[in-house]
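Reader: Could you take me through this model and tell me what stands behind each term you use?

Author: Gladly; here it is, and then we can go term by term.

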Amino acid sequence: MSEKVLMKGNEAIAEAAVRGGCRFFAGYPITPQNEVPEYLSKRLPEVGGTFIQAESEVSAINMIYGAASVGARALTSSSSPGISLKQEGISYIAGAELPCVIINMVRSGPGLGGIQPAQGDYFQAVKGGGHGDYKLIVLAPSTVQEAVDMVYGSFDLSEKYRVPVLILGDGMIGQIMEAVSLPEMRDVSKIKKPDWALDGKGSGSNRKIINSLYIEPDVLEKMNIKLAGIYRQIEENEVKVEEYLTDDATVVITAYGTVGRIAKSAVNILRSKGIKAGLIRPVTLFPFPYFAYEKAASSNNVKKFVTVELSMGQMIEDVKLGVNGKKPVEFFGRSGGNVMSAEDIVDFIISKEV
Amino acid sequence: MAKVFQKSSFLTDAVLHYCPGCGHGIVHRLVAEALDDIKAQGHVIGIAPVGCAVFAYNYFNCDMIEAAHGRAPSVATAVKRVNPDNIVFAYQGDGDLASIGLCETVHAAARGENVTIVFINNAIYGMTGGQMAPTTLIGQKTTTSPLGRNPAVNGNPIRICELLSTLDGPSYIERVAVYDTPHILSAKKAIRKAFENQVNKKGFSLIEVLCNCPTNWGMTPQQSMDYIKNDMTKIFPLGVFKEV
């Protein structure tokens, strides 16, 4: 953590990926994440890596499948409609237990939608997206620094469980410029290739096969049970949440990503006005920090929760699961690419207080 | 006694699931023997498609990847870029390569990726039970063109070799057939040359193999071989379409 530089979110994320050991990128242009491939098209060849501008999102994610099969630390990035196109490949990657990192700089939808920030892909990110019984590890950065740190560690995290990591950002985190400390460059020659990775040496009983096809129901069910066990381990080990001033809070605001940062400002404003507000910001969306909501909901101080999202209400369903009916959960959202200010959140909460 | 024949080291002992008389078994053997010929042991990665050859990873005795439908060229691209010293091949059927994966096929070829693609054209979707393929002949009956393929409503067959040979990327494009012994031997020669080109870093090679599907064509194996010779080759002429 030596250098401190001013960087655009997308470029900082791309550099963090390289420093975390990423040596393969395939992607397709889409706003608002274009700086990621643009940066890597120059940067990856400098470190002996591979950059491919694929002919489609579909092809790009299947290149990730191929690169991950042979043990490369592989990254793709896109934005909402492009991530939809990648879903088939993501399901295959999850089914074949391949690690990789996927960045979604979420824009507004549905359909072609708009190019401004949004959080309408929450369900797609944490509830599946593609077909079949699988999960991704979903991380939601609220600052460029947090995005850098997450991306840097995401290859290790993905390889540890052989589960793809999805960085769920939004147009803001991609486009904003902030001062960041860039982590040390990993020496990739010292990162051991996973022993399951193909090297072409296989023959007879030591052949390696990357596959997600299990035609016998009993065999596939065993695989599904195995994956579910891995997802439970992830829930036990990897959940992360930021709690801010929740100890004496009467109103708990909850938001993720850049909205979590706006909500934190709202908490400070509300406190200056004498309203004891607090914040729960899930850092990991899968695994989701249900326990933080259970704890807050059981507190005598807490009167209600307010979920704030750039959507018509998606994470609120998980918030309600955590709160489990113990306290009311209100919703304040903007969509279409509109972003609320801290004052908007404050006004919403004060209007409900009266 | 002198050994006059032995099974290719690139075939496993698994029993093939293919229908009696199907040409996939022949082409598997040709691919395996071509890999033997170039002494590729210890550095081969194959990509299996979705379709009848979906289980090819059980049959080729090398590291294998099962790709999503039509995406084998993208998977092969990445594997070869990351491991340039491996011999990388994709084995794909007509629905996989010429329909759902046509985009990936064209662009891997246009990029001149140094991989080998073996394309089985049997003019039908075999695994799913005989539906119309992008290469189904005009008049050919399938379960989704029960009265025979009618160009007015079903469109026309796609000639992959001709299409790809217009691109600058490919180094070698040839169409072969496996309806009799001389043609099987020519097919093997073509597949071997495609692998040799990869060794010599010449770039993208694709060998289209006109193949039979007696089950879904509703023919005996012999009738189906005659159909390749008499009908398929009229629409899909054999020959070298590009060689650099």
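Author: Let's begin where the chains meet: strand 9 of chain A and strand 2 (residues 63-66) of chain B run parallel and are joined by two bridges. This is a predicted model, in which local features need pLDDT of at least 70 and side-chain atom pairs count only at pLDDT 80 or more, while totals for chains, interfaces and linings use all residues. Residues are numbered from 1 along each chain as its sequence is written, and chains are lettered from A and ligands numbered from 1 in the order in which they are written.

Reader: What makes strand 9 of chain A and strand 2 of chain B a pair?

Author: Strands pair if DSSP finds at least two bridges between them, and these have two, so they pair. Within strand 2 of chain B, Met64(B) stands opposite Ile209(A). Strands here are DSSP runs of E with at least two residues, helices are runs of H or I with at least four, and both are numbered from the N terminus.

Reader: How do you know which residues of chain A and chain B are in contact?

Author: Two residues are in contact if their C-beta atoms, placed from the backbone, lie within 7 Å. The contact takes 33 residues from chain A and 29 residues from chain B. On the side of chain A, helix 3 gives the most, with seven residues.

Reader: What makes up that side of chain A by class?

Author: It has 14 nonpolar, 13 polar and six charged residues. Ala, Val, Leu, Ile, Met, Phe, Trp, Tyr, Cys and Pro count as nonpolar, Asp, Glu, Lys and Arg as charged, and the others, Gly among them, as polar.

Reader: Why is the span of helix 8 of chain B called close to the expected one?

Author: The expected span is 1.5 Å times one less than the number of residues. Helix 8 (residues 181-199) has 19 residues, for which 27 Å is expected, and reaches 27 Å from its first C-alpha to its last. After helix 8 of chain B comes Lys201(B), with a positive phi near 55°.
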